Amino acid sequence: MTHEHIQFSETPPEGDPTFTRHEELVNRVTDERFRAFLDDPQATIHRVEISSNSYGSFLFVTLSRQRDERRECLTFFGLGFHEYRERWFTKDWFWYRGNWYPELREQQLSREEADALIQERLDDIRPDVTAEPPSRHGRLFELLADLTDEDGALAELEDLGDVADWLIDDLE
């Protein structure tokens with residue numbers, strides 16, 4: 001099973017900055033959908049920075065937007081190598097809802113500034129991006145993560161230990 005690009009269903013009309021049910025379930029959007037969130041007239045882009053989490057080094061983009069009577073904070077991360085999935089994310093973005101901290105209000109970037117930083121990251125990683133398939137371990141992690149979530153997949157693989165190798169043989 002190769003996940004170079006996840007096929008999303010229930011895609012809202014072009015430019016609609018509302019998550020589909022599927023995007024809510026998998027906490028991922030396509031690059032095109034990510035750009036729609038950046039283009040939302042209600043969105044303010046606060047941060048675009050390279051950082052790391054438990055799964056690798058990615059470009060993190062934090063924005064806020066007006067939702068009903070409150071301000072919603074969203075962070076997207078992509079353009080990086082996912083260590084456990086053993087593949088590059090250049091066409092999909094993970095996302096999560098964050099907390100609306102006062103210091104975010106002080107930081108604002110224009111869409112042009114954000115685009116330049118996103119392009120700079122893409123240019124930086126382009127020489128390293130390969131289409132090499134992940135190992136069996138990487139494919140199993142991806143399968144488990146897509147069925148549960150990243151943290152759940154990591155816990156399952158740690159619990160499985162050596163059993164993981166023969167499990168992937170049965171799935172192939």
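Leaving aside its neighbours within four places in sequence, which residues is Trp95 in contact with? Here contact means heavy atoms within 4.5 Å. The answer is Phe19, Glu23, Glu24, Asn27, Arg28, Val29, Leu74, Thr75 and Phe76.

## What you're looking at

This is a predicted model, where local features need pLDDT of at least 70, side-chain atom pairs count only at pLDDT 80 or more, and totals for chains, interfaces and linings use all residues. Residues are numbered from 1 along each chain as its sequence is written, and side-chain values use heavy atoms, with hydrogens and water left out.

The protein has 7 helices and 6 strands; these are DSSP runs numbered from the N terminus, with helices (H or I) of at least four residues and strands (E) of at least two. Going along the sequence, you read α-β-α-β-β-β-β-β-α-α-α-α-α. Of the 172 residues, 40% are buried, meaning under 20% relative accessible area with a 1.4 Å probe and protein chains only (exposed is over 50%, partly exposed in between).

## Back to Trp95

Trp95 sits in strand E6 and is buried, with a relative accessible area of 3%.

## The nonpolar cores

A nonpolar core is a set of buried Ala, Val, Leu, Ile, Met, Phe, Trp, Tyr and Cys residues joined through side-chain atoms within 4.5 Å. The largest one here has 20 residues, and Val29, Phe34, Val61, Phe76 and Trp93 touch the most other members. At least two residues of this core come from each of helix H2 (31–39), strand E2 (43–53), strand E3 (56–67), strand E4 (70–82), strand E6 (92–98) and helix H4 (111–125). Another core, of 12 residues, lies apart from it and includes Tyr55, Phe141, Ala153 and Leu154.

Take Val61 as a way in: beyond its neighbours within four places in sequence, Val61 is in contact with Phe34, Leu38, Ile45, Arg47, Val48, Leu74, Thr75, Phe76 and Trp93.

## How H2 meets H4

H2 and H4 pack at about 150°, with their axes 11 Å apart. The axes are lines fitted to C-alpha atoms over the stretch in contact, and angles run from 0 to 180 degrees between N-to-C directions.

On the H2 side, the contact is made by Phe34, Arg35, Leu38 and Asp39, and on the H4 side by Arg111, Asp115 and Ile118.
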